[in-house]
Structures are given as C-alpha cells and as structure tokens.
Amino acid sequence: MKRLLVSLLAVATGAASLAFAASTAWAAEFSGNVTYATDYRFRGISQGDRSQAIQGGFDLELENGFYVGTWASNVAAWSGGTIETDYYGGFGGEFSEGVAYDIGVLYYGYPEDDASPDLDYVEIYGSVSIEDFTIGAAFSPDYFAGTGDFWYLYGDYSYGLVENVSLDLHLGWNIFDGKSGGEAFGIGNAGDPDSSYIDYSVGLGTSGLGLDWGIALVGTNLSESECFGGSATCDTTVVVSVSKSL
C-alpha cells in the first residue's frame, strides 16, 4: 500500500516473515495486500472517474527499519494509460515508546501514459505519529502533469469506538506553486485558478472473516465548477472498501 497515503481507505496489512541467513544475521518481513474499492480517491479526487478499483501491493521491510515496496491501481484513461504503478522506499522507526517516524521517496508512474507533459512524478515524504495521531508532509519538485512545486500537509487520527471498530479522520492541504500551478492542475474557475485545496475523509474500519472492511465519506472543498472545468470527481462521496492481507 502507499506509505504516503495514511488515509481512511488504507487498511492494515498482515505480514508473513521470511528469515535470511548471512555472515551478519538479519531478517526481513514480506507482506502483501489486495483491495477492492468502490472508488479510488487520492487526496480527495477520484482517480477512476468515480468507478470501482482493484488495488494491491507488496512491501519488504528489514529489521533495521528500511523498507521498499510497490503498489498499483486501475485509473481513468486520462491519456491512454489505465493503470498507476507506484514504487517507494524509506526508513521508519520510533523516537520513543508511542512516538514513531517515517521518511521516504515515492515514485508515481503511469506506464501506458503518452501525455505531454509527462504525468509521472516523484515525492519526498515524512511523518511523525504520536499514539493514534499522525502529522505528515510531502513535497514534489514537479507534481502531476508538470504543475511545478507542490506541498501536501496532512493530519490523521484514529479512535477506537468499540472493540474492533475504529473511527478514522483525515484532513489534507494541497498547495500548488501559486495560481499558475493550480491552473496547470485544473482547479479553480476559468480566469481565476486556485492555488490550493483541502481534502478530507471520515470513516469507519473493522475486520472480520479474514478481511479488513472500511466505509468513508471522502471529498474536497472544491465546487464542481472549480474541479477540472466542471467535473464531479472532486465531489464528496461514500467509498466502501474490502481488503485481504497476503
């Protein structure tokens, strides 16, 4: 799963441990997951034109905290490509009991993409978690479709309502390189582009029958007229997901 997206649609993944022998003993943990979702929402915006998505990924985490992974999902055919394939690597650990950190680099790829400018981009990310609260940031020097510098600041909170049921809250701030960056991305009204927007989600998560289940209200503060010239992909919607750890 995407390390950056500490979102309500993300689900906990179990892991199968693999032991490797070397001159200096070390160990690694391999895990995988597959997810069905009624919509793939990334930072509040539908990536599949409000259609269903099949997603999955694999992670390899070393005992010292280093990890690498990949994740993929079907997306809308923006320019001939219908899949997103991400690759990431980073390092995570704890400052102290209950206080954790995570830093890394994430590459977003669209293998069949033939758009100009290129849709692929790279982000550097980091987060700090204190108990059930996480704050984080990501930076791209050239965001999606060549929109220039981009910052993403976010906060997440998960609260156990009852046994095996969590309330998950997310708030994110998407900051483009001025109004020129927002215009290149496609937010704001004609002649008056926005330089940022807010995304949010409120959801419930649980597990049962060997699966992880989630339902979330996901959206942005963009009106339909401010969303890519009149698109409903930024509208608030309910997303249901079910995931299986491998």
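Reply: Let us start with the polar contact, which is a pair of N or O atoms within 3.5 Å; within protein, one must be able to donate a hydrogen and the other to accept it, and residues adjacent in sequence count only if both atoms are side-chain atoms. In this structure, the side chain of Thr-35 makes such a contact with the side chain of Ser-243, at 3.2 Å. Please keep in mind that this is a predicted model, in which local features need pLDDT of at least 70 and side-chain atom pairs count only at pLDDT 80 or more, while totals for chains, interfaces and linings use all residues. Residues are numbered from 1 along each chain as its sequence is written, and side-chain values use heavy atoms, with hydrogens and water left out.

Me: Where is Thr-35 found, and is Thr-35 buried or exposed?

Reply: Helices (H or I, at least four residues) and strands (E, at least two) are DSSP runs, numbered from the N terminus, and Thr-35 is found in strand S2, residues 26-37. Buried means under 20% relative accessible area, exposed means over 50%, and partly exposed is in between (1.4 Å probe, protein chains only). Thr-35 has a relative accessible area of 7% and is therefore buried. For a contrasting class, take Val-238 in strand S17, residues 237-245, which counts as partly exposed because its relative accessibility is 46%.

Me: How should I read a salt bridge, and how many does the structure hold?

Reply: Side chains of opposite charge can pair when their charged atoms come close. The criterion here is a side-chain nitrogen of Lys or Arg within 4 Å of a carboxyl oxygen of Asp or Glu, and the structure holds three salt bridges. One of them joins Arg-41 to Asp-39, with the closest N and O atoms 2.9 Å apart, and both of these residues are buried.

Me: Which residue does Glu-123 meet in a salt bridge, and which parts does the pair tie together?

Reply: The side chain of Glu-123 meets that of Arg-43 at 2.8 Å, N to O. Glu-123 lies in strand S9 and Arg-43 in the loop between S3 and S4, so the pair ties together parts that are 80 residues apart in sequence. Glu-123 counts as buried because its relative accessibility is 0%, and Arg-43 is likewise buried, with a relative accessible area of 4%. Arg-43 also has a positive phi of about 50 degrees, although it is not a glycine.

Me: What of the bridge between Lys-179 and Asp-192?

Reply: Their side chains meet at 3.0 Å, N to O, and the pair links distant parts of the chain, with Lys-179 in helix H1 (residues 178-185) and Asp-192 in strand S14 (residues 192-193), 13 residues apart. Lys-179 counts as partly exposed at 45% relative accessibility, and Asp-192 does too at 40%.

Me: Which residues gather in a patch of negative charge on the surface?

Reply: Patches are made of residues with over 30% relative accessible area and no salt bridge, like charges being joined within 9 Å and nonpolar side chains (Val, Leu, Ile, Met, Phe, Trp, Tyr) within 5 Å. Here the patch of negative charge gathers Glu-94, Glu-97, Glu-131 and Asp-132. Glu-97, in the loop between strands S7 (83-96) and S8 (99-109), counts as exposed at 79% relative accessibility. Glu-131 lies in the loop between strands S9 (121-130) and S10 (133-140), counts as exposed at 61%, and has a positive phi near 55 degrees.

Technical notes. Areas by Shrake-Rupley, 256 points an atom, 1.4 Å probe, with all protein chains shown as cover. Lys, Arg positive; Asp, Glu negative; His and termini not counted. Charge placed at Lys NZ, Arg CZ, Asp CG, Glu CD.
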